[in-house]
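Trainee: Could we go through this model together? I would like to begin with the helices and then move on to other topics.

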Amino acid sequence: METTRHFVATVYVVSDGSVALHEHSKLDMWLPAGGHIDRDELPHEAALRETREELGLDVDLIAPQQDIESETVRSIPQPQHFLLEDINVSAEGDVGHQHIDFIFYGRADSRDITPGPGEQPAEDWEWFSASDLQSRSDELPADVVEVGQRAIESVHEA
């Protein structure tokens, strides 16, 4: 059987040494901002759009960008990670579909979360420090803990 795959972009938004996460209403797990990449979007554009929609925040992406250019080529901001994620896994272990996830880190100047219409409310979001991620690792996906800690460190160093 063929596996359906979707391209998505995720942003670990960091402000004052903490990362914003919410308990995703459909997937029932704690996750950062993110969503599907529209047909006419580049991954970094989707990352910025999703952050604006879900958090109401404009962020600066911490994303390396090479300087390779020609008359037909230009470099775009690179994600910090590419992950292949199994979604809707059944009790028998069957994978419903997969996400090919472009993971970015973003720096926000504010912690004022104001989600757009139709998004999960602000009270569903929490700011997690590196120690919060570690102390609540029993309720958070292991990759969210690891990448969240890396994002906090990277934004601090940038």
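Mentor: A definition comes first: the expected span of a helix is 1.5 Å times one less than its number of residues. Helices (H or I, at least four residues) and strands (E, at least two) are DSSP runs, numbered from the N terminus. This is a predicted model, in which local features need pLDDT of at least 70 and side-chain atom pairs count only at pLDDT 80 or more, while totals for chains, interfaces and linings use all residues. Residues are numbered from 1 along each chain as its sequence is written, and side-chain values use heavy atoms, with hydrogens and water left out.

Trainee: How many residues does α3 have, and what does it reach from its first C-alpha to its last?

Mentor: Helix α3 has 16 residues and reaches 23 Å, close to the 22 Å expected at 1.5 Å a residue.

Trainee: Which residues in α3 are buried?

Mentor: Buried means under 20% relative accessible area, exposed over 50%, and partly exposed in between, with a 1.4 Å probe and protein chains only. The buried residues in α3 are Val144, Val145, Val147, Gly148, Ala151, Ile152 and Val155.

Trainee: And which side chains meet glutamate 146 in a salt bridge?

Mentor: Glutamate 146 pairs with arginine 150, at 2.7 Å from N to O. A salt bridge here is a side-chain nitrogen of Lys or Arg within 4 Å of a carboxyl oxygen of Asp or Glu. Both residues lie in α3 (residues 142-157), four residues apart, which is about one turn of the helix. An α-helix has 3.6 residues a turn, so residues three or four places apart point the same way.

Trainee: What does the salt bridge count come to?

Mentor: By that rule there are eight salt bridges. In one of them, arginine 49 is joined to aspartate 38, with the closest N and O atoms 3.7 Å apart. Arginine 49 lies in helix α1 (residues 43-55) and aspartate 38 in the loop between β4 (33-36) and α1, so the pair ties together parts that are 11 residues apart in sequence.

Trainee: Why does arginine 49 count as buried?

Mentor: Its relative accessibility is 15%, whereas aspartate 38 is partly exposed at 36%. In another pair, arginine 52 and aspartate 58 meet at 2.8 Å, N to O. Arginine 52 counts as partly exposed at 42% relative accessibility, and aspartate 58 is exposed, with 58%.

Trainee: Changing topic, which residues touch the most other members of the largest nonpolar core?

Mentor: A nonpolar core is a set of buried Ala, Val, Leu, Ile, Met, Phe, Trp, Tyr and Cys residues joined through side-chain atoms within 4.5 Å. The largest has 18 residues, and those touching the most other members are Tyr12, Val19, Leu21, Tyr105, Phe128, Leu133 and Leu140. Two or more residues each come from β1, β2 (18-23), β3 (30-31), β7 and α3. The largest share, six residues, comes from α3. Apart from this core lies another, of 17 residues, including Ala47, Val59, Ile113 and Trp125.

Trainee: Which strands pair with β7?

Mentor: Two strands pair if DSSP finds at least two bridges between them. Strand β1 (residues 5-15) runs parallel to β7, with 10 bridges; valine 14 has arginine 107 as its bridge partner there. Strand β5 (residues 60-61) is antiparallel to β7 over two bridges, and leucine 61 is partnered with glycine 106. Strand β6 (residues 81-89) is antiparallel to β7 over eight bridges, with isoleucine 87 partnered with histidine 97.

Trainee: How many residues are between β6 and β7 in the hairpin?

Mentor: Five residues are between them, and glycine 93 in the turn has a positive phi of about 95°.

Trainee: What does isoleucine 100 touch?

Mentor: Isoleucine 100 lies in β7 (residues 95-107). Not counting residues up to four places away in sequence, isoleucine 100 touches Arg5, His6, Phe7, Val8, Leu83 and Leu84, where contact means heavy atoms within 4.5 Å. At 24% relative accessibility, isoleucine 100 counts as partly exposed.
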